[in-house]
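Work through the exercises below with the sequence and the 3D structure at hand. Try each task before reading its solution.

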Amino acid sequence: MRAVSRRRVSSVVAAALLGLALLVAAPPSARAVHECGGTQDTCVCGGANFCYCCSDTTNGTNHGNCVWYAWHKACCVWGITLEWCTDASTWDSYATNNGYTLLTTPCVDTIFVCETYTSECNSGGYGHVGWVNAVFPDGSIDVEEQGCYSWYGIRTRNFNAAAASPTMYYIYEPGVTSCAQCDCNPGDVETDGCGDCGTESRTCGGDCQWGGWSACQNEGVCTDGATQGCGNCGGTQQCQANCQWGVCVETCPDSSVPLPDSTTPLPDSWVPPSDGATTTSDSGTGPLPDGAAPQYDSGTTPIDPGLVTGGCACQSGSGSGSGSGSGSGSGLVLLLVLSVLIVRRRRRC
Amino acid sequence: MLYLRYSGRCSGLGHRFAVLVAAVALLLQGCESRVPDGSTAQLGRGVEQGGVSTDLVPAGPTRFTAATGYRVSPAPSPSGRWLAVAGLRGQGLYLLPADGGRERVVDADFRGPWRWRNDGARDVLCFGSGATADALDAETWEARPPCAPVAHHEEWGDRIHKVGGRTFYHNSRVGTVTVVHDQGVEMIPLDRSAWGAKVSPDGRYVAYCTGNLAKAELILLDVAAGRTQRLGTGAHPAWFPDSARLVYTAISRIERLGRAAMVTAATLRLYEVATGKSRVLDPTSGQTAQRAEVQPAVSSDGRNIVYADWRSGAIYRVSAPRKVVP
């Protein structure tokens, strides 16, 4: 009888131990806590959050817990499942034991750890952990965190430099071993050339690292060395070292006559006369050949000669266009003046 | 026939005169800066004098530090003769004479809490944590009796102020300010994410921040009434000795650069408790090359304000206006 009861007791104990072992050894997903402090465990990192979420009668079962949230951030940002979820005060040693870099230098996207009763972060008997959002030039840090019973949900705050270092520890993302390699002095601004004679700049951050380059600004109108057609007689101009177009070199007929200044160019499809002299002008000023007719590629519409008021327009056919129009106007003016003079003479008489 | 003409040419006397006028106008434009009210502020050329230099800044702020080393967290000594500053990321502790002169290195590797102690007429700098902190006489550069650590109570938090028989504590974990006086203990709940609480010298108000510095909001608590008032975006409040005004920083732009965050635009503002009005401390600050004016501190006589520029790593000093609304 005694043997039986001993055997039964042994069986019960063994079963209990087995159950406990299974519970402990069970995969995290089996004990997953999918929501805590109003935050859903939606990130994918190969495993579910198995940290405990503090609960009470007031806030229900998902009041919040700093370790749950730190684990959650590591899953979301680092994309890994942390191997532990013990009391916050032990996270520094667990991190070291699992091969993570642990430093007293704060860094963005690290887990801060306060051991028990650290006055700088007012941690209680279980310590405290949270996530570092930003590190500023004065050494202060922005954090976000959950708490066990102290408050509900996520809160954000700022630790001053004295609190942030050296009393707190920081668990770095796997593969990141340092945060303080200086490439520059914070606040420095570096300017460089870009694009077509433009400038871009970048600012040195509080982490002594250069930030990204700004958009290229104040660019010129062309690429150094490029050429394009210009003027009215098939001229060309070259882009100068300052990324601005140089003078327009044009070829015009010998008999061309200069037109008044203008900035209205002819279309690229316009074909200049082949037997002209070389003319250099600013896009649209130059001689107008007597009797020369404008030539266009087939299918294009001729420009109204009246608009072509400058450059080597290679037009002015007699009896038509602006030339004749101007002549008519001058004649009218002359006629008007003569009329006035005649009227005056008559009055004198 | 060869014609040579140049784009943008100016022919005739009229054109030449116009070019001359335009050139003079451009020259004049470079010598002054227009401020929002339409008036102009003169700019001064940078000069070096001892350890103090003035850069191309409006007439108001004067650059307090030489262009060597990144300095933050300025704190005037009780007598106003010294200015303590920290190095980048709070590493290093330095002293600057308020009237100019060379910077003195207290400890280039120091990291941790530090504060001023007034030993009679002597300015003593306390630095270090633990049971006691080192104490240094700023004038003689001699060690003084160690400083006691900042008082801490497990429930109330750190002691932040003492005036007229009342002692103020701030617990940043649970977000409370506790006032201990002869009649008992009064615990005032703040926002759960309250930090950086500063009690006015007369003990009537507590200014504190909530949220991350990147999006901090400044709140004013009337201790007697237990009433809070949101002052808007702001951080780093600093009280004037008369408790009637405070200066704070309003951060307008923050960028994440690499593994840190950079405040790239911030302006100091002045708030007057009686009127509830605030204004930009230096109206010309927006006209200069983008400063990040943060961490203001008011001198003990209330005449000067020093602050850090997180863009350049320089410390500036500006005269404090007498009123918020002139």
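**Exercise 1.** Is helix H2(A) largely enclosed by the rest of the structure or largely in the open, and why?

*Solution.* The model is predicted, so local features need pLDDT of at least 70 and side-chain atom pairs count only at pLDDT 80 or more, while totals for chains, interfaces and linings use all residues. Residues are numbered from 1 along each chain as its sequence is written, and chains are lettered from A and ligands numbered from 1 in the order in which they are written.

Step 1. Helices (H or I, at least four residues) and strands (E, at least two) are DSSP runs, numbered from the N terminus. A residue is buried if 20 or more other C-beta atoms lie within 10 Å of its own, exposed if 12 or fewer, and partly exposed in between, with C-beta atoms placed from the backbone.

Step 2. Apply the cut-off. Eleven of the 13 residues of H2(A) are buried, so the helix is largely enclosed by the rest of the structure. Among them are A:Trp68, A:Ala70, A:Ala74 and A:Trp78.

Step 3. Find the cover. It includes strands E6 (111–114) and E7 (128–135) of chain A.

**Exercise 2.** Compare the span of H2(A) with the expected one, and say what follows the helix.

*Solution.* The expected span is 1.5 Å times one less than the number of residues. Next comes A:Gly79, with a positive phi near 75°.

**Exercise 3.** Which residues touch the most other members of the largest nonpolar core?

*Solution.* Step 1. A nonpolar core is a set of buried Ala, Val, Leu, Ile, Met, Phe, Trp, Tyr and Cys residues joined through C-beta atoms within 7 Å.

Step 1. The largest core has 120 residues, and A:Ile111, A:Val113 and B:Tyr208 touch the most other members. Helix H2 (residues 66–78) of chain A supplies the largest share of this core, nine residues.

Step 2. Look at A:Ile111. Contact means that two C-beta atoms, placed from the backbone, lie within 7 Å. Beyond its neighbours within four places in sequence, A:Ile111 is in contact with residues including A:Ala70, A:Ala74 and A:Trp131.

**Exercise 4.** How many residues of strand E11 of chain A are buried?

*Solution.* Of the six residues of E11(A) (189–194), the number buried is zero, so the strand lies largely in the open. Two strands pair if DSSP finds at least two bridges between them. E11(A) runs antiparallel to strand E12 (residues 198–203) of chain A, joined by six bridges; in one of them A:Glu190 is the partner of A:Arg202. The two strands form a hairpin with three residues between them, and A:Gly195 in the turn has a positive phi of about 55°.
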